[in-house]
Amino acid sequence: MNRTEDVFLSHEHLWSYRTRTVDPNALTIRSVTHNGILQRSTAETLCEEAARISTKELVELKNANHCPFTFNEYLSYYFYKIYLAYNCSENAIIKNRWIIRNLIDPNITTDPLLHNIDTKYLKDLINACKAYCEGTEYAVAKLLQLFSDDIWKHGEVSCNPAPSPAAYKKPQTTVLLYTSEQLKIFLNAVYSSSCPHRLEFLLALFCGLHTGEILGLTYKDFTPCTRVLEIHHQYIKNKQPSPDASSYIYKQLDMERIRDFQVPDFIGEELVRRQQENNVFFSSNPNKKKETSFSISSHGTIKTKEALNAKLKSITRENGLPSITMSDLSNMFVWFLIQKNCSLEKIRYLTGGVQIGPFLVDGTHGKEN
């Protein structure tokens, strides 16, 4: 039991702790939260004592029912001792590890003995994951099908309890991810040439920004001394153009997409360099209207999505890489976060609320031309 996760500050500056309580009648373990404790040290002491008691009771329950595992215990055992032994797909391992840690674990409120697993329990768990993160239910069902096949094959249950993944909507995926080698070739190409869009490509790939967010960045959005970047608007096509209106407009982001974070050193250096280059350009071209956007073209206007994608197409073609777009670069950032086993909340925040489901199904990785 992780004491750091199970003792936490709740409402009104009071401490809470979470314990596993044995229910011998239902042959299960229930997660129970205790609230209203004044001091953290008291909550930690109570949590440790409850853990000691529940551990003893769980051993007795297992012995009495000749079942050495609960569902969650065997799911962990299955993944690390069985699944990893026969699965050679690195991507599948990364996806399923993330699903267990960030979708299934947070939604287990009851943890029955392995022999007591049934279809209703697994369906309820899948639906809980769906409610927690819509669009992930298909991937969860696929993993639980593998798990159920194993416990059925080994005689832990009398019939296979897995609900069919076909009963759940499979997300449409257009995610294209480069292999490590392809990514290395791409970055070498971006850095080895006088690429006018290097900053834009790096912001998408290593910060997960969408194209409109990148084009909407202005100097006031970046603080060089702290390297903090603020994302609160985007620069997009005007859907209601008129003779008197611009073809492109700045638009405020929805509240859930507004965010700020510290960028890596090399991104900060690129942002500072770009502002300096832009200042030199406008000083040399006083007839041009000065812009405060980072993404200034050679004509003195804000760049376009089409121009960025055209350059990407040229780079990939010249280097024998699969053709990608700015959206693909942003998607690769999401995959980096999944690889690091980042929490769902962190991924949602850093990406402005990306839909995670398409990244958890069988997609394209390192596709050849």
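1. In what order do the three strands of the open sheet run, and is the pairing parallel or antiparallel? In this predicted model, the order is E6-E7-E10 and the pairing is antiparallel. Strand E6 (222-223) and strand E10 (259-262) form the edges of the sheet, each of them pairing on one side only.

2. Within that sheet, two bridges join E6 to strand E7 (residues 228-231) in the antiparallel sense, and Thr223 stands opposite Val228 in E7. As a general point, the strands of a sheet pair through backbone hydrogen bonds, which may be arranged in parallel or antiparallel fashion.

3. On the division of the chain, the domain assignment gives domain 1 (1-66), domain 2 (69-171) and domain 3 (180-359). The C-alpha centres of domain 1 and domain 3 are separated by 46 Å.

4. Asn107 deserves a separate comment: it is found in the loop that lies between helix H4 (90-104) and strand E4 (110-112). Asn107 counts as buried because its relative accessibility is 16%, which falls under the 20% cut-off. Leaving aside residues up to four places away in sequence, Asn107 touches Leu125, Ala128, Cys129 and Tyr132.

5. Arg18, by contrast, is found in strand E2 (residues 15-23), and Arg18 is partly exposed, since its relative accessible area is 28%, a value between the 20% and 50% limits. Arg18 may also be set against Ala128, one of the residues that Asn107 touches: Arg18 and Ala128 are 110 residues apart in sequence, and their C-alpha atoms are 19 Å apart in space.

How values were computed:
Residues numbered from 1 in each chain as written. Predicted model: local features only at pLDDT ≥ 70, side-chain atom pairs only at ≥ 80, totals over all residues. Heavy atoms only, no water. Helix = DSSP H or I, 4+ residues; strand = E, 2+ residues; numbered from the N terminus. Buried < 20%, exposed > 50% of the residue type's maximum accessible area, 1.4 Å probe, protein only. Contact = heavy atoms within 4.5 Å. Pairing = 2+ DSSP bridges. Domains from an automatic or database assignment.
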